[in-house]
Amino acid sequence: MRLLNIVSSPRGAKSVSISVANAFLDAYGKATPSIEIDTLNVWDENLPDFDSHAIGAKYKGVSKEPMDSAELSTWIRIQSLVKRFQQADRIVVGVPMWNFGYPYKLKQLIDLVSQRNMLFTFDGERYGPILKVPRALVIYVRGQSHDRGAGISSPGFKHQADYIDFWLKFIGVDEVRSLMVEHTWDGKGPETIEQGKARAIAMAADF
Ligand SMILES: Cc1cc2nc3c(=O)[nH]c(=O)nc-3n(C[C@H](O)[C@H](O)[C@H](O)COP(=O)(O)O)c2cc1C
């Protein structure tokens, strides 16, 4: 059993999404000792830019045209990132809210690995998922809260969670579970973070 643990906070030991994910992983590891955890920290991976080389590689990869050396080196990097998704039996993603969305490095990873015939198929009309991952857990954290001072049209977690949920299902995750922690940077922080960790530990029991 292999679990892909995607880290998208750059804050290391100060990060709430990392500490809640780690509480989950510790509990899950105790319940499932055979689990192998592959941590993919989007800030440490030196992800290639999704620039003209990456786009050239993407299009030539589909049409099977020869790539130049810059495209090829990006393509090899993309293939090794995709492999980590293909090898996963479970996925955990920690997602800090940044400006009502998710950190741009997480989107960079998504753009790099979302390749036709690697994570999804497309026959000209319909898309199909390639992964066969029964479950993923996404941990969303934010400094504030939907209920206080957020403004009438604030999307709360909806904007980020709808997209991440859709994308995981699009590539082949059957069931996407989520855990949300708010108020991480205000006075309620210590309490909500402890509650988040306790919920994470409880969720590890049947993952
Ligand atoms: C660039 C940036 C943008 C942020 N934008 C929001 C936001 O829109 N809403 C919110 O509630 N908190 C926002 N925060 C606060 C973070 O969501 C909060 O600190 C959270 O704990 C970050 O996750 P982490 O602890 O795993 O790094 C922002 C923080 C940063 C650094």
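I first sorted the shell around the ligand by class and found 7 nonpolar, 7 polar and 2 charged residues. Here Ala, Val, Leu, Ile, Met, Phe, Trp, Tyr, Cys and Pro count as nonpolar, Asp, Glu, Lys and Arg as charged, and the others, Gly among them, as polar.

The model is predicted, and local features need pLDDT of at least 70, side-chain atom pairs pLDDT 80 or more, while totals for chains, interfaces and linings use all residues. Residues are numbered from 1 along each chain as its sequence is written, and side-chain values use heavy atoms, without hydrogens or water.

I then listed the 16 residues around the ligand (a heavy atom within 4 Å); Ser-9, Arg-11, Ser-15, Ser-17 and Thr-184 come nearest.

Next I looked up polar contacts, pairs of N or O atoms within 3.5 Å. A polar side-chain atom of Ser-9 lies 2.6 Å from a ligand oxygen. For Thr-184, a side-chain N or O atom is 2.6 Å from an oxygen atom of the ligand. For Arg-142, the corresponding distance is 3.0 Å. I noted that the protein covers 83% of the 630 Å² of accessible area that the ligand has on its own (Shrake-Rupley method, 1.4 Å probe).

Last, I recorded that the lining of the largest pocket has 8 nonpolar, 7 polar and 2 charged residues.

Definitions and conventions. Polar contact = N/O pair within 3.5 Å; in protein donor to acceptor, adjacent residues only side chain to side chain.
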